[in-house]
Amino acid sequence: MLGYIVKRLISLAMSLIVASVVIFGVVEVAPGDPASFMLGINAQPDTVAALRTELGLDQSKLDRYLSWVGGMLTGDFGTSYTYRTPVAQMIADRMWVSLPLALYALTLSTLIAFPAGIFAAARRGEPGDLAVTGATQLGVAIPNFWFAMMLVLIFAIQLRWFSAGGFPGWDGGFWAGMKALTLPAIALALPQAAILTRVMRSSLLDILGEDFMRTARAKGLSARQALWRHGLRNALIPVLTIIGLQFAFLLAGAIIIEQVFFLPGLGRLIFQAITQRDLIVVESVVMLLVFAVIMVNFLVDLAYAVVDPRLRTRV
Amino acid sequence: MSRNLILGGLLTSVFVIAAMLSFAWTPDSVEAMNIANRLKPPSADNLLGTDHFGRDILSMLMVGARTSIAVALVAVGIGMGLGVPLGLAAAARRGGMLDEVIMRMNDLIFAFPSLVIAILITAVFGPSATNAIIAIGIFNIPVFARITRGAALSLWKREFIMAAQVAGKTRTRISVEHILPNVANLLIVQGTIQFSLGILAEAGLSYVGLGAQPPIPSWGRMLADAQTMVSLAPHVALIPGLTIVAMVLGLNLLGDGLRDALDPRLKVVRA
């Protein structure tokens with residue numbers, strides 16, 4: 001078990017290092033000098049040079065990379081070129097929208113997919129199963145941002161149950177915040193729920209064909225009892241992987257959904273930063289998202305080892 | 001022929017034909033604006049209505065199909081063109097340095113949230129259809145590399161490959177002459193699925209303004225433009241959205257149908 005963890009940790013560190021190099025490299029080759037961009041076309045060369053020094057742009061690439069990574073390790077994400085405020089603070093503020101949104105959506109998607117997948121698997125080939133599989137076919141084909149627009153059209157514009165966008169902040173109370181995140185979370189969750197339902201269903205169907213399930217039936221359990229007692233926990237391993245991957249999709253998907261609902265989250269931050277060529281913000285937010293995804297996958301790997309002891313020896 | 005194959009094939013061909021047709025003919029010009037005729041619901045003059053500039057939505061969708069199909073198709077081409085040789089090479093020397101490097105790189109690309117990186121690429125190099133293709137294409141590489149490697153590994157254990165080895169063929173030649181034709185079916189099926197994911201990705205990128213730029217019509221941007229009009233004229237959002245759904249659904253059904261038709265034993269990775 002310890003060997004397994006150490007191996008996973010090494011690969012985790014490698015992934016993070018390569019990821020940071022790639023992100024830094026991509027941003028580095030970006031055309032345009034942030035200092036001249038900030039000061040406009042009429043700026044004096046010496047003003048630009050002074051700003052370059054202030055922003056650290058005159059140092060060598062390696063020095064800048066090291067100070068960027070070193071800074072992030074200590075929680076210092078640099079200073080925004082445009083707003084002159086610490087990037088860490090900007091991210092922290094936006095995080096309180098994006099993270100709850102992703103978690104809310106993840107919860108919804110799991111709550112929909114588990115019953116739907118179990119329902120379909122238990123009725124393989126029957127009308128109920130066909131209805132669920134048909135719905136998932138449709139679910140994976142719907143672009144979530146369009147689905148979001150349709151939700152706004154129906155529940156905000158027609159029925160007026162929710163507001164069409166914006167976020168009151170958590171100061172207005174927990175429920176007000178959750179209400180503002182409800183439509184975005186549904187929009188994010190449904191396509192993911194479709195994928196998760198499929199995985200749940202096919203994973204359960206695989207398990208139902210296993211010998212130990214036949215044994216369970218042979219010792220007198222009903223199909224339903226065997227499913228709940230032995231089938232479900234064994235079917236959970238692939239489901240767990242997908243949930244881990246989905247968190248990544250949800251965090252990234254939130255970027256686009258936030259645009260639909262005008263939510264002040266990381267997505268808005270990233271697009272603002274892009275238009276203002278505030279590259280340090282872009283760089284840091286992207287790195288943070290990649291870090292979150294790699295961490296979640298790492299934790300899922302560890303969770304496997306706990307759920308399935310056989311995996312500890314296999315890397 | 002299964003129902004999936006027929007329905008999927010039909011839906012897909014409708015869009016491909018519409019895109020082809022748009023090179024020669026569209027019901028109306030996609031550049032001519034007619035503000036007096038804006039946001040009109042579907043009618044005999046404009047079968048699918050008009051947008052906020054009075055442009056014919058059907059014509060916009062037909063030309064937009066070109067963009068979507070071109071972006072997704074080239075992105076699949078990039079993924080296959082680079083991923084398949086990498087997968088073949090990795091399988092030919094199983095467990096070797098090359099295999100290890102290729103698979104680790106694959107894991108790494110998989111670990112990246114593809115949309116975020118696509119945003120990073122298009123943001124840094126400027127939004128355009130070309131950069132959208134590259135951003136989407138990069139994430140197709142590991143998908144094809146992985147499934148090619150997996151299928152090739154099991155083929156390498158088969159007798160006819162051993163016979164070829166005994167006959168003195170090099171590993172590269174065996175990969176090209178014997179392995180590749182035997183994984184082609186699998187690649188076609190996966191290609192269809194990546195194609196549909198590409199359509200969705202392109203729509204997402206152009207919705208946030210990072211895909212094809214005006215005046216080139218694209219489905220994603222039509223939706224972005226429709227967003228503020230949705231309460232006045234729901235059809236401007238409804239119709240392009242349903243178009244995307246129909247195209248993606250068609251490709252997915254086609255992929256499922258092809259898989260069943262070509263080889264029911266094959267399992268396809270849905271990334």
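**Exercise 1.** Determine the handedness of the crossing of α9(A) and α10(A), and classify their relative orientation.

*Solution.* The crossing is right-handed, meaning that the near helix is turned clockwise from the far one by less than a right angle. This is a predicted model, in which local features need pLDDT of at least 70, side-chain atom pairs count only at pLDDT 80 or more, and totals for chains, interfaces and linings use all residues. Residues are numbered from 1 along each chain as its sequence is written, and chains are lettered from A in the order in which they are written.

Next, take the angle: α9 (residues 211-218) and α10 (residues 223-261) of chain A pack at about 130 degrees, with axes 9 Å apart. Axes are lines fitted to C-alpha atoms over the stretch in contact, and angles run from 0 to 180 degrees between N-to-C directions. Angles under 35 degrees count as roughly parallel, over 145 as roughly antiparallel, 65 to 115 as roughly perpendicular and the rest as oblique. α9(A) and α10(A) are therefore oblique to each other.

**Exercise 2.** Which residues make the contact of α9(A) with α10(A)?

*Solution.* From α9(A) come F212(A), M213(A), A216(A) and R217(A); from α10(A) come A223(A), A226(A), H230(A) and G231(A). Contact requires C-beta atoms, placed from the backbone, within 7 Å.

**Exercise 3.** How many residues of chain A are in contact with chain B, and which elements contribute?

*Solution.* On chain A, 37 residues are in contact with 28 residues of chain B. Elements of chain A giving two or more residues to this side are α1 (2-28), α6 (127-141), α7 (144-158), α10, α11 (266-275) and α12 (279-307). Helices are DSSP runs (H or I, at least four residues), numbered from the N terminus.

**Exercise 4.** Which residues does V282(A) touch?

*Solution.* Leaving out residues up to four places away in sequence, V282(A) touches V27(A), I270(A), A273(A) and I274(A), and from chain B L120(B) and A123(B).

Key: Contact = placed C-beta atoms within 7 Å.
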